[in-house]
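The questions below go through one structure step by step. Look at the sequence and the structure, and try each question before reading its answer.

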Amino acid sequence: MKLTAVIAAAALAGALPWLTSSNYIIGVALSACIFTVAAAALNLVYGYTGLLSFAQLGFWGIGGYATALTVMTFGGNFWLGLLCAALTNAVVALAIGYPALRTNRHAFVMTTLAFALLVSLVARDWVSLTRGPLGIPGLPPPTLFGYAFRTTPQFYLLAWAYALLALGFLYALCTSRIGRTLVAIKQNESLVRAQGISPMPYKLAAFAIAAAITGVAGGIYTFHLKIIDPLFLDFYYMQTFLIMVIIGGAGSFWGVVIAGVLMAALPEVLRFSEDWRMIIYGAVLLAAMLAMPGGVAGWLHAWRVARMRAAVR
Amino acid sequence: MEIDPLYLLQLTVNGIMLGLLYALIAVGLALIFGVLEIVNFAHGEFLMAGAFAMAFALPATGLSYWPSLFVAIFVTAVGGLILYELFLSRLQHGAFERSILITLAISIIILHAAQFAFSANPRMVDTQYGFDGFSVGAIRVTWTRVIGAGAAVAAFALLYAVLNHTQFGRAMRAIAQNREAALMVGIKPRAVARNAVVLATALCGLAGAALAPVQLVTPAMGQALIFKAFALVIIGGLGNIPGAIAAALILGLIESWIGGFFEIVWQEAAVFVLMIAVLCLRPEGLFKRGAMRVG
């Protein structure tokens, strides 16, 4: 039943370019695919492992720059660029993650934040590599066996395929023994240690995998925008990922995916006023944290438990 | 490289003044972390609020420095009271991630509301002292910087006295050191937490007001400084007030020296590189919480 629903939804999303001719709707759906993947990767780190990481923004930016630089400066193609983005991010995540994870969870949050800011400083100030605030414009459309992903509907198919691949992988990971170990680490790390499992490799692996997935998402999104500049590291993206995870319910895979798809449309709805958009975003985050810290999924879960208790009584 | 000793001395003086202002921000964060065990992401917006309060109070009081400074401190202290009563008091103890996301949301709202109300254009703030200064030999310092640094030192002395010699401050230290024991001897955590937040935001308002005549006032000015302050409290050891002050002074000096001799990129990156290096060597921060904590 659930499987059928998922396959039907995925097929429907894939058929979108044939259902509508509006480039605007397809563009929003493309953002939804990419942002949902990034939110699901954040969910792996924050929701499952319990590590609130602001470094996702840095990985998103590194992924975008690595892909763009591979194509424009080092003469590789798009697919090599994505591979570079994933590998660079995994290596950086291991290098940053190891010292950051040795501290307590309070210091971890702030270290990852500092890392994200460091990345945006580098993007802005290392002018000889990144061209600084000028950015790298004119990114060419990627090609695969002579087929060019040139128009928005064509590029949408690429984003859709990546979303399927990444979400499928994350789902398999989260429901596997590794995923259950991550949840156990979040709930009671001392108990996990007592069971003879070292938490560090698991935490580090979750951090690095999320970094690689976010990086590739950033790389694809950059080529959709056809330009990368330091604004790609705007804190706005981090807020978007966070709000998706929190509204959906941290630690709930489908909650976050559904919230990701729905929330990607929210900035478009709020676009009536640039000035008010971010204020409303902040208010949504504040209201969600005060009213339902577990997100919609947590709220549904609590409701279901309450109903079961009532039935038993 | 030939180093002119006078130039180096000038950089050192500037660095100490910069470090004292960083310390005002970092001390507030350390105090809030020590008592509530949360990180206030909206702290930078309080700095900005202090600077804007100063910018508006100065023309109203005929450019007199001190009354405006007190207006700014009062405004941010009231803001801190509202922040605590409306939002932070609802948090259960230990809800660390939730506290971050709530204060982050508040920071987004205040920042963009300020941009909406005051526009993003930077504004200059003029005081009765203008750009006058005094010279010792070849070293020249403006009065607004000297007074800012002096006010910071006075605030630290006052904070030290309050924390060590009043019931108000002892209760704060008690909660920070052992929450359960403090509860048992009848200290109210809610009242103490409120006092700590108000005190921290007042210090932040002082920093903002002292910075206003020294640099340009923009809605985003808090953002740039707050991230450095986060790094500072980590370097100093979370919740450790002397550690935060020491780390801030060190950073002020390092930034000033680097800014004088190298490219500006390194000046901005120094704090993050320093933090990652400290975390690799001493994960608990330079000054571990425990041995010499005050907050």
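Q: Is Ala51(B) buried, partly exposed or exposed?
A: The structure is a predicted model. Ala51(B) has 30 other C-beta atoms within 10 Å. The cut-off for a buried residue is 20 or more, so Ala51(B) counts as buried.

Q: How far does H2(B) reach from its first C-alpha to its last?
A: H2(B) has 18 residues, and at 1.5 Å a residue the expected reach is 26 Å. The model is close to that expected value. The reach of H2(B) is 26 Å.

Q: Which residue just after H2(B) takes a positive phi?
A: The phi in question is about 70°. The residue just after H2(B) that takes it is Gly62(B).

Q: What distance separates the C-alpha atoms of Ala51(B) and Val217(B)?
A: Ala51(B) touches several residues beyond four places away in sequence, among them Gly208(B), Leu211(B), Val217(B) and Met221(B). Along the chain, Ala51(B) and Val217(B) are 166 residues apart. Their C-alpha atoms are separated by 6.6 Å.

Q: Is Glu37(B) buried or exposed?
A: Glu37(B) lies in the loop between helix H1 (5–36) and helix H2 (43–60) of chain B. Its phi is positive, about 55°, although Glu37(B) is not a glycine. There are 20 other C-beta atoms within 10 Å of it, and therefore Glu37(B) is buried.

Q: How many C-beta neighbours does Lys226(A) have inside 10 Å?
A: Lys226(A) is found in the loop between H11 and strand S4 (227–228) of chain A. It has a positive phi of about 70° although it is not a glycine. Lys226(A) counts as partly exposed because its C-beta neighbours inside 10 Å number 14.

Q: Which residues touch the most other members of the largest nonpolar core?
A: In soluble globular proteins, nonpolar side chains tend to be buried together. The largest nonpolar core here has 212 residues. One of the two residues asked for touches Ala152(B), Leu203(B) and Ala207(B), among others, beyond four places away in sequence. The two residues are Leu24(B) and Ala26(B).

Q: In what sense do strands S1 and S2 of chain B pair, and over how many bridges?
A: Strand S1 of chain B covers residues 133–136 and strand S2 of chain B covers residues 139–142. Ser135(B) has Arg140(B) as its bridge partner, and Val136(B) has Ile139(B). The sense is antiparallel, and the number of bridges is 4.

Q: Which residue in the hairpin of S1(B) and S2(B) takes a positive phi?
A: The hairpin has 2 residues between the strands. A positive phi near 60° is taken by Gly137(B).

Q: Which helix gives the most residues to the side of chain B that touches chain A?
A: The contact takes 29 residues from chain B and 31 residues from chain A. On the side of chain B, helix H4 (96–118), helix H9 (221–236) and helix H11 (264–281) each supply at least two residues. By class, that side has 24 nonpolar, 1 polar and 4 charged residues. With 13 residues, the helix that gives the most is H4(B).

Q: How many of the residues of H9(B) are buried?
A: H9(B) has 16 residues and reaches 23 Å, close to the expected 22 Å. Just after H9(B), Gly237(B) takes a positive phi of about 95°. H9(B) is mostly covered, and its buried residues number 14.

Q: Among the elements of chain A, which has the highest mean pLDDT?
A: Chain A averages a pLDDT of 83, and 97% of the residues score at least 70. Strand S3 (residues 147–148) of chain A has the lowest mean among the elements, 75. The highest mean, 90, belongs to helix H11 (residues 199–225) of chain A.

Q: Over which residues of chain B does pLDDT stay under 50?
A: Chain B averages a pLDDT of 83, and 95% of the residues score at least 70. For the stretch asked about, the model has 17 contacts beyond four places in sequence. The stretch is residues 290–295.

Notes. Residues numbered from 1 in each chain as written. Chains lettered and ligands numbered in written order. Predicted model: local features only at pLDDT ≥ 70, side-chain atom pairs only at ≥ 80, totals over all residues. Contact = placed C-beta atoms within 7 Å. Nonpolar A, V, L, I, M, F, W, Y, C, P; charged D, E, K, R; others polar. Pairing = 2+ DSSP bridges. Core = buried A, V, L, I, M, F, W, Y, C linked by C-beta atoms within 7 Å. Buried ≥ 20, exposed ≤ 12 C-beta atoms within 10 Å, placed from the backbone. pLDDT = per-residue confidence, 0-100. Expected span 1.5 Å × (residues − 1).
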